[in-house]
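Work through the exercises below with the sequence and the model open beside you. Try each task before you read its solution.

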Amino acid sequence: IAVSARDSSCPRICPQSTAPGSGDPVCGSDGVIYPSLCELRKKTCGKGVRLASDPGLCMRSSGSRCEHRCGKDRDPVCGTDGRTYLNRCMLQVEICRVGIQLSHLGSCNNISAHRENCPVSCDQAPVDGPICGSDGNVYKNTCQMKLLTCGKHVFEVPMSFCVSHERNANGNGCPLNCEGEDESLTCGSDGNVYRNECELRMLNCGYSSKRRVQLVDFEKCRAKLNKCNKLQKCTKEMDPVCGTDAHTYFNKCQLQIATCLKGIQLAHVGNCTALDENDFCPDSCPEEEDTPVCGSDGNSYRSLCEMKKETCGQKVVVVPPQHCRTTAQCNEVCGTERQFVCGSDNKFYRNECEMRRDNCGKHVFVVPMKRCLTGFTFRGCQKICENYYDPICGTDGKTYSNDCFLDLENCRSRSLVAKKHHGQCGQPVTEAKNYLY
């Protein structure tokens, strides 16, 4: 069953998607996604295509091919996958494909959850494995680890962690770390320079006899050591990073030298954690606790407690605020120039720097100035409300699409309807916090 669009109405021109009242994307009875009902009528005039009564017709889960007639109008929106889409119509195509949702209007930029660059196929990936993941599993290569653990903060660690309860052919146990060992540069038969013999055994533990690395005369590695020492002079600036050898380096410069010496890569920013220790995972966090922190997974959290709760078992650690987009300017010294911007909290700020600093860790971003000017432009009850659905139950027992519509009803009826709870009436839900998880 489909609701017929008026056949006599074949518009020649439709408002751009950026124009007020242009409408949301719609699903046609032909299973194609259109930018708006007007565009559907315009592009299918005389073809008998109507507005589908079941939007599920344009969902891949129902067999749709997710075809579309989206335009190239630039009106960016952010999806819940952390990606910015050209306009609402293009986002709707992705909703059809993978079932994501609209996060907010405007670009994701610095206000959405960090998204890993996850591979979609490992058919052409280099064979650099086997490798050990921080989840204790062994993967064929780096690509497979990223593909199977996307978004879970799984990183490469020494193979000894995955085979810590086994013994190699020589009967020697696999050391889990060599942090307490004195530095005594050692040359391996693979041509790499190790900090000591313990590290050589740890990083090559669990491999077959064909790949086993042996201790050889250091003169065979002398040329590599001289070459790596000439790379650059590193400062003592403290911005720690964790290498795939489970060793914490002062900064990325120190890690680059380790990459040259023994092929170590970046595991994650921040200090390495003890791989054999269980994380403490709180069940709940105090609501009043509000000290945003930046995690090594690239996301901002409302507090340290919230980070530990949301990333339980993922070995996420607190890192300096500049490593997360929403906390990067928390300690910024902003200039006094007047370049006013409107924030998504409907407040004016002297400049974008002040907006980000004053909303450290929060989901606040720049929106068109007209939103903040609405209060000056309109009088009485002529208020513009966004058409997003974030239901509010009023004390009058009615459900409103969002806070704005409740305020609008109060203005029009001159009543004092308050918010009873978040969510539809009879179905209270916890109000989402304006922070990134």
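Predicted model: local features only at pLDDT ≥ 70, side-chain atom pairs only at ≥ 80, totals over all residues.

Residues are numbered from 1 along each chain as its sequence is written, and side-chain values use heavy atoms, with hydrogens and water left out.

**Exercise 1. Count the disulfides, then describe the link of C132 and C162.**

Step 1: A disulfide is a covalent bond between the sulfur atoms of two cysteines. Here the rule is a pair of cysteine sulfur atoms within 2.5 Å, and by this rule the count comes to 18 disulfides.

Step 2: C132 and C162 are joined by a disulfide with an S to S distance of 2.0 Å. Their link is right-handed, with 85 degrees about the S-S bond.

Step 3: This pair links distant parts of the chain, 30 residues apart, since C132 is in strand β8 (residues 131–133) and C162 is in the loop between β10 (156–157) and β11 (186–188). Helices (H or I, at least four residues) and strands (E, at least two) are DSSP runs, numbered from the N terminus.

Step 4: Both C132 and C162 are buried, where buried means under 20% relative accessible area, exposed over 50%, and partly exposed in between (1.4 Å probe, protein chains only).

**Exercise 2. Describe the disulfide of C281 and C312 and that of C330 and C360.**

Step 1: C281 and C312 form a disulfide with an S to S distance of 1.9 Å. The torsion about their S-S bond is about 85 degrees, so this disulfide is right-handed.

Step 2: C281 lies in the loop between β16 (266–269) and β17 (293–295), and C312 in the loop between α7 (304–310) and β19 (318–319), so the pair ties together parts that are 31 residues apart in sequence.

Step 3: C281 counts as partly exposed because its relative accessibility is 24%, and C312 is partly exposed with a relative accessible area of 41%.

Step 4: In the disulfide of C330 and C360 the sulfur atoms are 1.8 Å apart. The torsion about the S-S bond of C330 and C360 is about 90 degrees, so this disulfide is right-handed.

Step 5: C330 is in the loop between β19 and β20 (341–343) and C360 in the loop between α8 (352–358) and β22 (366–367), so that distant parts of the chain, 30 residues apart, are linked. C330 counts as buried because its relative accessibility is 16%.

**Exercise 3. Give the strand order of the open sheet that contains β17, and of the one that contains β5.**

Step 1: Strands of a sheet pair through backbone hydrogen bonds, either parallel or antiparallel. Two strands are taken to pair if DSSP finds at least two bridges between them.

Step 2: Two bridges join the antiparallel strands β17 and β18, and V293 stands opposite Y301 in β18.

Step 3: The other three-stranded open sheet has the order β6-β5-β7, again with antiparallel pairing. Its edge strands, β6 (84–85) and β7 (102–105), each pair on one side only.

Step 4: β5 (residues 77–79) and β6 pair in the antiparallel sense over two bridges, and the bridge partner of V77 in β6 is Y85.

**Exercise 4. Find where A246 and K315 lie, and whether each is buried or exposed.**

Step 1: A246 is not a glycine, yet its phi is positive, at about 65 degrees. A246 lies in the loop between β14 (241–243) and β15 (248–249), and it is buried, with a relative accessible area of 15%.

Step 2: K315, also a residue other than glycine, has a positive phi near 60 degrees. K315 is found in the loop between α7 and β19, and it is buried, with a relative accessible area of 8%.
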